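Me: I am new to this one. Could you show me the structure and then walk me through it?

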Amino acid sequence: MVATPNGFDLDNTGRRVVVDPVTRIEGHMRCEVNLDENNVIRNAVSTGTMWRGLEVILKGRDPRDAWAFTERICGVCTGTHALTSVRAVEDALGIEIPENANSIRNIMQLNLQVHDHIVHFYHLHALDWVNPINALKADPKATSELQQAVSPSHPMSSPGYFRDVQNRLKNFVESGQLGLFKNGYWSNPAYRLPPEADLMATTHYLEALDLQKEVVKIHTIFGGKNPHPNWLVGGVPCPINMDGVGSVGAINMERLNLVSSIVDLCETFVRNVYLPDLIAIGGFYKSWLYGGGLSGSAVMAYGDIPENANNFDPAQMHLPSGAIIDGDLSQVHEVDVRDPEQIQEFVPHSWYSYADESVGLHPWDGVTEPKFALGPNTKGTKTNIQALDEAAKYSWIKAPRWRGHAMEVGPLARYVVGYASGHEDIKDQVDRLLTTMDLPVSALFSTLGRTAARALEAEYCARLQRHFFDKLVANIRNGDSSTANVEKWDPSSWPSEAKGVGISEAPRGALGHWIRVKDGRIENYQCVVPTTWNGSPRDNEGNIGAFEAALMNTPMERAEEPVEILRTLHSFDPCLACSTHVISPDGDELTDVKVR
Amino acid sequence: MNTATETFYEVMRRQGITRRSFIKYCSLTAAALGLGPSFVPKIAHAMETKPRTPVIWVHGLECTCCSESFIRSAHPLVKDVVLSMISLDYDDTLMASAGHQAEAALEDTIERYRGNYILAVEGNPPLNEDGMYCIVGGKPFVEQLRHAAKDAKAIISWGACASFGCVQAAKPNPTRATPVHKVITDKPIIKVPGCPPIAEVMTGVITYMLTFDRLPELDRTGRPKMFYSQRIHDKCYRRPHFDAGQFVEAWDDEGARRGYCLYKVGCKGPTTYNACSTVRWNEGVSFPIQSGHGCIGCSEDGFWDKGGFYDRLENIQAFGIEGNADQIGGYAAAGVTGAVALHAAVSALKRAQHKPETDTSGKEDA
């Protein structure tokens, strides 16, 4: 038994269970746990199993191109890295963007939050709570009654509608080709919904699949495509032309009307479907409040959605910022991403090497040299790992720490920070949900709480889309059509050396990009992303990361069926392509091929 | 392409399994799903009928933008593809099971449909560090790829990663990320490049294969001609502005607001083969150029290393009108009044019409 500094007792003596691949996530991940004789998780090991080296690739390139490279870190949270990148470059070069660009960027970022949260809940997470096979036993009439009770305003609620969906599902199952449902854990008692709730939620799985392709059209309007819309250092690439020659090819009334209709669609779906589903499903799992991990003790947010352009003062950002440590919710600490003492990355358990691995490095001075090596107690071989040795290096994810603390980031972290700092909208949402579900505040610190915070945030972000749409229209009405500032577009206008940082709140949590520019080129680029925080391995002090902490002490119904592990890991919405980034600093040669 | 797909039942009989065992298998399947005995004959019947084409969708080094694009498909809707057209038997991004059960689903599909399933690959395998820059089930992804490819009927390389390498293969390619066709050399491979490809192009390729039971016609580099045989520039609605010498000179300038050609701010449309300017994105809502940014050429091999995204195309053989475009731009910039601009545009148009078209026929399927 080993006690970690952040308060967990690890016992790796029991049966080792390996889940690899962890599915329904972005990227590649492995998880190992030890179970005691009662099938309770007493040790957890989370491993990022991919590395792409994007920051190595960025070295020597044009900073104005960096958004496109970093956007390809992740196609699920598409655009959020690009936004963070242009902010980092603008910070380094002292570029201020027009108000319209701020509004459009905010609408795009909020739109991503709404889209990502919906797709996560229905398509990546729901199958941890919902049993689509059990839905075949539902009475469509009773399902209709349930639907009308939980969401009277949702029009798709007739018995015939549910019967049609059920029949389709039945044909699918009877075909014997279960596709995505193949080998699911459908007889596991961890699934608790009655058939009617299963049918309702499975129906919404399909509705949400249809809806999400509409939601992203806001990205298409402003950025030309989704996934991976286009961005621009200095503003946004889409010009505004309301009634001049050629306005048909710019942001005009027709485009704004389309944006507005999608904003409505987002608000309606979240209000009529997503939130009611959360409450209905959550109601059956109210007693399953495992998975709290670090959420009640160490959470962090950088803040995002600046009300006014170029102002990242926490007081005027709509998504909250701050850090809570040691479970003390009465104190929200200020987070300074520029302070070399605050954010540092450690690698003693990561497949990278530092000259001195007892210290952490701030991203502006980050070092990354990949070093794949397995510990002496690994079971298996280098290319056929049976069980990892967590006493040694065991993940492609580094261990970022805030003032030495392992932190949880993401919607729940934002909501805990917002709640603790008295953010009125957030407090109001949380209190109403807890009252409706008859749960205490402490219930937030759980897997279910993480999932609930995401739904509340989708609702809040959908509303904020409307706010910034109105703001954009008002600004245009006042005669400002500017969308880009090109004063410092030309590299000859840049200082020979500069450094900057861009922050955002990605759907999965606090995201930062740190850049150094030298002679018009990227000298150093470093991203510390949400899943680096959440999926972090142990650090030099032995603190476990947020995924690992959340898995601890959870009982499993069946050791061989990882429903509970998936449920808790998915509640973070892991994004492994994001987390397994790194930068190679000056002088360390990964390969002898020269960049450019 | 293999024509007749065997049914489950035929496969089982071929493997020497009796009818009695087959029915028992059906009972077990029903029981495993928690379904009553009334489902047994239905499952048995389905297994004796021609199955939906199984698809195994594996993920290497990638960002999942291809999967995200795929679910954006409007015609057909992706729910119809997944429920009624194909059987997506393994896809670690969407499947319910994980770990051993996920690996079992993969093995079961390979075993049962040997030679009859489509392998869809998103991302690519890194070859450095014995492949351990991308690990699936404790082993290098490249092993899973080779294993799944061995008995596939055909392979679809989704997106720029699988087709060409994409961003992780950009210089210096630290992981030695390698496109699929350089690892798998004995199977038909359809490349569907783009970062990501357009949703309806993706579902279009799959449904073409299901509908006509053959591979789409491919160009020399393995891309379906139906979507990749023409350059974005050739079908761009802003092409008249190019021909008229009307260019965006700086972001958000008058030309940008009027929807002029983005060539001078780096548009790669003239060298990019894709369907963006015709099919367009997200149910035809827009495409990059329509929303004011140049094409970055994301469906072209090595597009990350072909100069900056804002550098004007130069010395590109396939383009060959660099000099003319400069002159055209010069005329347009000189024109201050409408009349002068009009005159310049007309003369520019004449020049453009006289430029040698050396780049059409031979490059159509380059």
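**Strands and sheet of chain B**

Reply: B:T53 has B:I86 as its bridge partner in β2(B). Strands here are DSSP runs of E with at least two residues, helices are runs of H or I with at least four residues, and both are numbered from the N terminus. This is a predicted model, in which local features need pLDDT of at least 70 and side-chain atom pairs count only at pLDDT 80 or more, while totals for chains, interfaces and linings use all residues. Residues are numbered from 1 along each chain as its sequence is written, and chains are lettered from A and ligands numbered from 1 in the order in which they are written.

Me: How many bridges join β1 to β2 in chain B?
Reply: Five bridges join strand β1 (residues 53-59) of chain B to β2(B), and the two run parallel. Strands count as paired if DSSP finds at least two bridges between them.

Me: What is the strand order in the open sheet of chain B?
Reply: The five strands are ordered β2-β1-β3-β6-β7, with parallel pairing. β2 (86-91) and β7 of chain B each have a single partner strand, so one side of each has no neighbour in the sheet. From one strand to the next, the twist averages 25 degrees.

Me: Which residue in β7(B) is the bridge partner of B:I155?
Reply: That partner is B:I189. Four bridges join β6 (residues 152-158) of chain B to β7(B), and these strands run parallel.

Me: Are the residues of β7 in chain B buried or exposed?
Reply: In strand β7 (residues 189-192) of chain B, B:I189 and B:K191 on one side and B:I190 and B:V192 on the other are all buried. Buried means that 20 or more other C-beta atoms, placed from the backbone, lie within 10 Å of the residue's own.

Me: Which strands does helix α7 of chain B lie across?
Reply: Helix α7 (residues 141-150) lies across β1, β3 (117-122) and β6 of chain B, at about 165 degrees to β1(B). Angles run from 0 to 180 degrees between N-to-C directions, with axes fitted to C-alpha atoms, for helices over the stretch in contact.

Me: Changing topic, how many residues does each chain give to the contact?
Reply: Chain B gives 86 residues and chain A gives 99 residues. Residues are in contact if their C-beta atoms, placed from the backbone, lie within 7 Å.

Me: And which domains are assigned in chain B?
Reply: The assignment, automatic or from a database, gives domain 1 (1-51), domain 2 (52-227) and domain 3 (232-363). Domain 2 of chain B gives 14 residues to the contact and domain 3 of chain B gives 13 residues.

Definitions and conventions
Contact = placed C-beta atoms within 7 Å. Buried ≥ 20, exposed ≤ 12 C-beta atoms within 10 Å, placed from the backbone.
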